[in-house]
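Let's take a walk through this fold and see how its pieces hold on to one another. Have a look at the model first, then read on.

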Amino acid sequence: IILNGNSLSMNTNGTLLINWLLDSSQLPRRYKLLAKRFTSSLAQLCCHKLAAVTVFKVINQSIDPEASRLLLTALIDEQSSFMEEILSKFAFLVFP
């Protein structure tokens, strides 16, 4: 599940698997393992409806603060363009 976390988080059934892993599994460091996987394509995940919820879930949890820190650092890091990419994708949306 963790190895395919990026693609699973953008699929309805895959999101169920990831939520099961995060909520019910007793795998140690599961949040950190998933956060490391998410950092490679964070901008794409943050702009996807299903995946954004999972990214938020990993950031908002308190079980593994290092996983939260890893994703937040990747978002805010000045050397990466994740934040600019996310904001540029939402700049052209029209809300009713």
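Helix 5 and helix 6 pack with their axes 7 Å apart, at an angle of about 120 degrees (axes are lines fitted to C-alpha atoms over the stretch in contact, and angles run from 0 to 180 degrees between N-to-C directions; helices are DSSP runs of H or I, at least four residues, numbered from the N terminus). That makes helix 5 oblique to helix 6, since angles under 35 degrees count as roughly parallel, over 145 as roughly antiparallel, 65 to 115 as roughly perpendicular and the rest as oblique.

This is a predicted model, so local features need pLDDT of at least 70 and side-chain atom pairs count only at pLDDT 80 or more, while totals for chains, interfaces and linings use all residues. Residues are numbered from 1 along each chain as its sequence is written, and side-chain values use heavy atoms, leaving out hydrogens and water.

Who touches whom here? On the helix 5 side, Val-55, Val-58 and Ile-59 meet Ala-67, Ser-68, Leu-71, Leu-72 and Leu-75 of helix 6 (contact means heavy atoms within 4.5 Å).

Now for the charged pairs: the whole structure has two salt bridges (a side-chain nitrogen of Lys or Arg within 4 Å of a carboxyl oxygen of Asp or Glu). In one, Lys-57 meets Asp-23 at 2.9 Å, N to O. Lys-57 sits in helix 5 (residues 49-60) and Asp-23 in helix 2 (residues 12-24), so the pair ties together parts 34 residues apart in sequence. Glu-66 also forms a salt bridge with Lys-32, with the closest N and O atoms 2.8 Å apart.

How values were computed: Helices (H or I, at least four residues) and strands (E, at least two) are DSSP runs, numbered from the N terminus.
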